[in-house]
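Subject: Two-chain model for you to look at

Hi there,

Here is the model I promised to pass on. Could you have a look when you get a moment?

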Amino acid sequence: MNAPLLEAHDLVKRFPVRHGLTRRLAGHVRAVDGVSLRVDAGETLGLVGESGCGKSTVARLLTRLIEPTSGTISVAGRELTTMDEPLPRPVRRDLQMIFQDPFSSLNPRQTVRQILTAPYRYQGLTPDEPVEDLLVRVGLRPEHAARYPHEFSGGQAQRIGIARALALRPKLVVCDEPVSALDVSVQAQILNLLKDLQQEYGLAYVFIAHDLGAVRQISTRVAVMYLGTVVETADRDTLYGSAAHPYTHALLSAVPLPDPDAERARERIVLRGDLPSPLTPPSGCPFRTRCPRAADRCATERPALSPIAPGHEVACHYPEPLTEQMSVPLSESSAEERTS
Amino acid sequence: MTATLPAPVPSSDTPPRIGPDETSLLRRLLAQRSATVALAVVVLLVLIALAAPLIAWAAGSSPTEFHSDAVDPALGGLPRGTGGGISTQHWLGVEPGSGRDILARVVYGARVSLLIALLATAVSVALGTALGLAAGFFGGWTDTVVGRLMDLLMSFPALIFMIALISAAPGVNRQLLLVVVLGFFGWPYVGRIVRGQAMVLARGEFVAAARVLGASRRALLVREVLPNLSGPVLVVATMSIPSYVATEAGLSFLGVGVRPPTPSWGQMIAAAVPWYAADPVYFLIPGGFLFATVLAFNVLGDAVRDALDPRSRRR
């Protein structure tokens, strides 16, 4: 088997929290607390979780916009974490990023032509593809090159962001919620564009989103994050069909169904309480404060991410694969399990 | 690989685009009547200053030439004739006592006044942009040091310090000294605004995008952040010109500004004080020019700020 394109091992990012006039250290926010990821060439890893679970921090760690507290990242066999900023240019070329807000990620004072030639300029390269061709590739028109970002719609602006990320022919693109700022109809267009470009260039994506529908559409594998850790990872069909972590169950049960009958029959798992503060995470399993299955063991012992089937890893002491279809997310047996 | 550009696509359906700011800024300014008038006054003043020798030549006088025939020694040197000696030879009258031509002195005074204000603005904008940008972009220690320095300078009794410094520095070119001192005490007002803007911009996603593309720090500062500061800097520069004009006039009035025989409005006003009852025109003319200059630049500054207001702009 080939070496993975991206391998992140035990990534930790803690942000210091300071209080008062003396800037006394009051503690650390554990934004990312031991995340390991692996992405093979040409595949898409979906990364889902609710707001504040550390998804975007992972994106910024992978692209080295912020420094990890500990852990290692390697891209195409090159160890990133031992390299000093600025990263060597070939590494930057392999690894690009698409941002959430299409407008704030484009410099308002630059024309599209300036924005799309910046990758070559910053890399000290001569463009191997005219800006007009890049624009056509992402579904824009060649004459758009002379315009400024504020003259575009959100979807068009995101296409410019995608064209910029692709200019250097990267192997891996980290997409940090690339569609969540867009209208639903535009979201689908952008997702299709990303899929087409993946085929054309053999790209691998790390696709970060809180929208399970979008993730299902584009991902080959999915990792679910909760409070800075990955709680479950599996290939897409396994995750959407037979997820085993109670948090994944809750997330999946929140997805509305297009069929009205199924939608009425849909059983929702409503989690009690709020996301615990990453400043003072709970002992043991991070999810135990809201978990319907929590037992004594969960408060003392932190479950490690361990395989329950080939390619399916879960961080739970009591994993329970879904047996039925998503329309009834929790089977009777798991309901009994909860009460026992 | 060499880039083989395809033939430029004729853009029949899209008119040629212009930049989002400068050209349309002028258009937006001209849409406001007060701004149009202020801009006209400013342009006129600049033309007067540039053409000062020409105007003096056309009027047949010089700012330093004495005309003892134009004043009446019997009346203690009061100008002959009405309105402070306004006549066909001296269009705006003459100075009591010496009989120097007021028109020539006022237009040369405009030169001095605007030159000092513009150079002081250039100094404060250059210092304020550079230091504010460094403070806002790098943060940390740079920010602490620059921030404290700005606090210190802004809480300093600058006027008293300027008077003391300028009067204690003999043999120095006064106009140059004025530019340096005004610019030095003025940069924190630019720096504070630039720092805040640079702070916001440095955390912006387009800066992160440039970093992911491998941009150097220098490129981030010069290519990504700096062009986005031109709006606020333009506003603060336009607003600071009138305050420098007023400060220069004030210092000259107090006798620590521009040294005679170089004419200056502040000096002329100071010289007019003993004569204001007998010859009010001598007081009114430089005072009127000073008032018009400060007002026009202030109105223009307000208009520039309104035209660049981010809330009225589509992002």
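Below are my notes, going from the conventions to the chains, the domains, the core and some strands and helices.

Please keep in mind that this is a predicted model, where local features need pLDDT of at least 70 and side-chain atom pairs count only at pLDDT 80 or more, while totals for chains, interfaces and linings use all residues. Residues are numbered from 1 along each chain as its sequence is written, and chains are lettered from A and ligands numbered from 1 in the order in which they are written.

**The two chains**

Chain A has twelve helices and twelve strands; here helices (H or I, at least four residues) and strands (E, at least two) are DSSP runs, numbered from the N terminus. Its radius of gyration is 21 Å, close to the 20 Å of the globule rule for 340 residues, so chain A is as compact as a globular protein of that length. For that comparison, the radius is taken over C-alpha atoms, and the rule is 2.2 Å times the number of residues to the power 0.38. Along the principal axes, the C-alpha atoms of chain A fill a box of roughly 65 × 55 × 50 Å.

Chain B comes to twelve helices and two strands. Read from the N terminus on, its elements run α-α-α-β-β-α-α-α-α-α-α-α-α-α.

Of the 340 residues in chain A, 44% are buried; for chain B, the figure is 41% of 315 residues. A residue counts as buried if 20 or more other C-beta atoms lie within 10 Å of its own, as exposed if 12 or fewer do, and as partly exposed in between, with C-beta atoms placed from the backbone. For contacts with a separation of 6 or more, residues 24 or more positions apart account for 65% in chain A and for 72% in chain B. A contact here means that the C-beta atoms of two residues, placed from the backbone, lie within 7 Å.

**Domains of chain A**

The domain assignment gives domain 1 (6–219) and domain 2 (238–303 + 317–340) in chain A; such bounds come from an automatic or database domain assignment. Taken over C-alpha atoms, the centres of the two domains of chain A are 30 Å apart. Eleven residues from domain 1 and eight residues from domain 2 make up the contact. On the domain 1 side, strand 2 (24–39) and helix 7 (212–218) of chain A are the elements that give two or more residues, and strand 2 supplies the largest share, four residues.

**The nonpolar core**

Which residues touch the most other members of the largest nonpolar core? They are A:Val206, A:Phe207 and A:Val224, in a core of 167 residues. Such a core is a set of buried Ala, Val, Leu, Ile, Met, Phe, Trp, Tyr and Cys residues joined through C-beta atoms within 7 Å. Helix 4 (residues 102–138) of chain B gives the largest share of this core, 18 residues. Domain 1 and domain 2 of chain A both give residues to this core, so it lies between them. Leaving out residues up to four places away in sequence, A:Val206 touches A:Val39, A:Leu45, A:Leu47, A:Leu62, A:Val174 and A:Cys175.

**Strands of chain A**

Strand 3 (residues 44–48) of chain A has five of its five residues buried. On one side these are A:Thr44, A:Gly46 and A:Val48, and on the other A:Leu45 and A:Leu47. Five bridges join strand 3 to strand 8 (residues 204–209) of chain A in parallel, and A:Leu45 has A:Val206 as its bridge partner there. Strand 3 also pairs in the parallel sense with strand 9 (residues 221–226) of chain A, over four bridges; in strand 9, the partner of A:Leu45 is A:Arg221. Pairing requires at least two bridges found by DSSP between two strands.

There is also an open sheet of four strands in chain A, antiparallel, with the order 2-1-4-5. Its edge strands are strand 2 and strand 5 (78–79). Twelve bridges join strand 1 (residues 6–19) to strand 2 of chain A, and A:Val12 stands opposite A:Asp33 in strand 2.

**Helix 3 of chain A**

The buried residues of helix 3 (residues 112–123) of chain A include A:Ile115, A:Leu116 and A:Tyr122. Among the elements that cover the buried residues of this helix are helix 5 (154–166) of chain A and helix 8 (205–212) of chain B. Helix 3 of chain A is followed by A:Gly124, with a positive phi near 70 degrees.

Best wishes
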